Amino acid sequence: MLDSLQGQFLGNTWGRWLLASLVGLVTAFAVRVVLAFVVRRVQRVAEHTAIDWDDVVVAGLRNTKWFSYLAAGFYAGSELLHLSERLLQRVDRIAGVLLLLQIGFWFHAGINARVKRWKENVDTTPERATAASAIGFIARLALWAALLLAVMSTLGIQITALIAGLGVGGVAAALAVQTLLADVIASLSIYFDRPFDIGEFIATPDGMGTVQRISMRSTRLRALGGEELIFSNGQLLKQTIRNFGRMAERRIVFEVGVEYGTPVAKLKQLPEILGGIVAEAPDVRLDRAHFKAFGAYALIFEVVYYVQSPDFNVYMDRQQLINFAVAERFEALGVAMAFPTQTLMLRQDEAQPPKATKSASSLGAGAA
């Protein structure tokens, strides 16, 4: 009946054009309704989850452009028309280009939503916000560059030579700025892997200090002496990094030496005394206390404990408290702490036995 309508255009009657238009409009409307339903359902699920990626998906789908609905309707309606091979090819290309553009807008919105989430994180510092913006810019640039090549390929443009030229130019540019690129990539690694954060104390073979700033090019530390240490990000990640800021507790080993000649009965009391002194200190967990060894000039007792704080000043306060208590208990018990001494064997002649004398060593004398 539709074909019976008088008049033709591009080999199709006006009735068939009317049918194709109706199908296209219905398809566009149906796609719009279905997509809105999907977005609402996904958003409802995203509100009850702790992950962020579903919110990114919702943000991307919400950025669906009007031309994508028309493209869907246009493609569906064209299937009802009798078109030449050339026209069908053009229809396919137009639909493909519009689809690629819509994919670009989806991913573009998703990247923006993800970067916004990073910036709104309570742990995000100004440096990390800057890094997040840089990551978003690089991701968007790569996205649209790839889509541009895909659109050119869809339109029938030969991009092989263009890609080859870009490849050669890219290699030349990369060789010229390879150090800078290495530092930028290292900054992204620091951002994602987070081996350290602003305000944490770290140590490397080349220096130690508190992290002050992390930029795209370098990381700056404030050393204990007050000077600023500047590391390129690539150089820093090549080293072994000790992060003291993430210590849950600090393990401490210290030794006490008492004089030879101390009665054995008192020696047997010392491990328990030392352990009790450490156990009484606040924020301290005792591991062990033992009579360790017969030293060169002292009987060595070793104590191991944990300070339940990574703060170095807290450790020094507890160690000072323990040292005062050890000195008081040893004085009350009558146990003398040892100091470096030497025993000199003097032989007067072969007929007389040697005589031993004991003296304190001089300041520069070593233990024998």
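Mentor: Let us begin with a definition: buried means under 20% relative accessible area, exposed means over 50%, and partly exposed covers what lies in between. Please also keep in mind throughout that this is a predicted model.

Trainee: What is the phi of Asp-283?

Mentor: As background, most residues other than glycine have a negative phi. Asp-283, a residue other than glycine, has a positive value instead, and its phi is near 60 degrees.

Trainee: And which class does Val-26 fall into, buried or exposed?

Mentor: Val-26 belongs to helix α1, which spans residues 14-46. Since exposed means over 50%, a relative accessible area of 56% makes Val-26 exposed.

Trainee: How far apart in space are Val-26 and Gly-73?

Mentor: In sequence, Val-26 and Gly-73 are separated by 47 residues. From C-alpha to C-alpha, the separation of Val-26 and Gly-73 in space is 7.3 Å.

Trainee: How are α9 and α10 oriented to each other?

Mentor: The axes of α9 (residues 264-280) and α10 (residues 312-333) come within 10 Å and cross at roughly 150 degrees. Because angles over 145 degrees count as roughly antiparallel, α9 and α10 are roughly antiparallel to each other.

Trainee: How many nonpolar residues does the contact of α9 with α10 have?

Mentor: The contact includes Leu-270, Ile-273 and Leu-274 of α9, together with Ala-325, Val-326 and Phe-330 of α10, among others. By class, the contact of α9 with α10 has one polar and two charged residues, while the nonpolar residues number ten.

Trainee: What is the relation of α2 to α4, given a crossing at roughly 140 degrees?

Mentor: The axes of α2 (residues 53-62) and α4 (residues 85-120) come within 7 Å, and the crossing of α2 and α4 is right-handed. Roughly antiparallel requires an angle over 145 degrees, whereas α2 and α4 cross at roughly 140 degrees. That makes the relation of α2 to α4 oblique.

Trainee: Is the crossing of α3 and α4 left-handed or right-handed?

Mentor: Helix α3 (residues 66-78) packs on α4 at an angle of about 155 degrees, with axes 10 Å apart, and this makes α3 roughly antiparallel to α4. Phe-67, Ala-71 and Phe-74 of α3 are among the contact residues, as are Val-91, Leu-98 and Phe-105 of α4. The crossing of α3 and α4 is left-handed.

Key
Residues are numbered from 1 along each chain as its sequence is written. This is a predicted model: local features need pLDDT of at least 70, side-chain atom pairs count only at pLDDT 80 or more; totals for chains, interfaces and linings use all residues. Side-chain values use heavy atoms; hydrogens and water are left out. Axes are lines fitted to C-alpha atoms, for helices over the stretch in contact, and angles run from 0 to 180 degrees between N-to-C directions. Helices (H or I, at least four residues) and strands (E, at least two) are DSSP runs, numbered from the N terminus. Angles under 35 degrees count as roughly parallel, over 145 as roughly antiparallel, 65 to 115 as roughly perpendicular and the rest as oblique. Contact means heavy atoms within 4.5 Å. Ala, Val, Leu, Ile, Met, Phe, Trp, Tyr, Cys and Pro count as nonpolar, Asp, Glu, Lys and Arg as charged, and the others, Gly among them, as polar. Buried means under 20% relative accessible area, exposed over 50%, partly exposed in between (1.4 Å probe, protein chains only). A crossing is left-handed if the near helix is turned anticlockwise from the far one by less than a right angle, and right-handed if clockwise.
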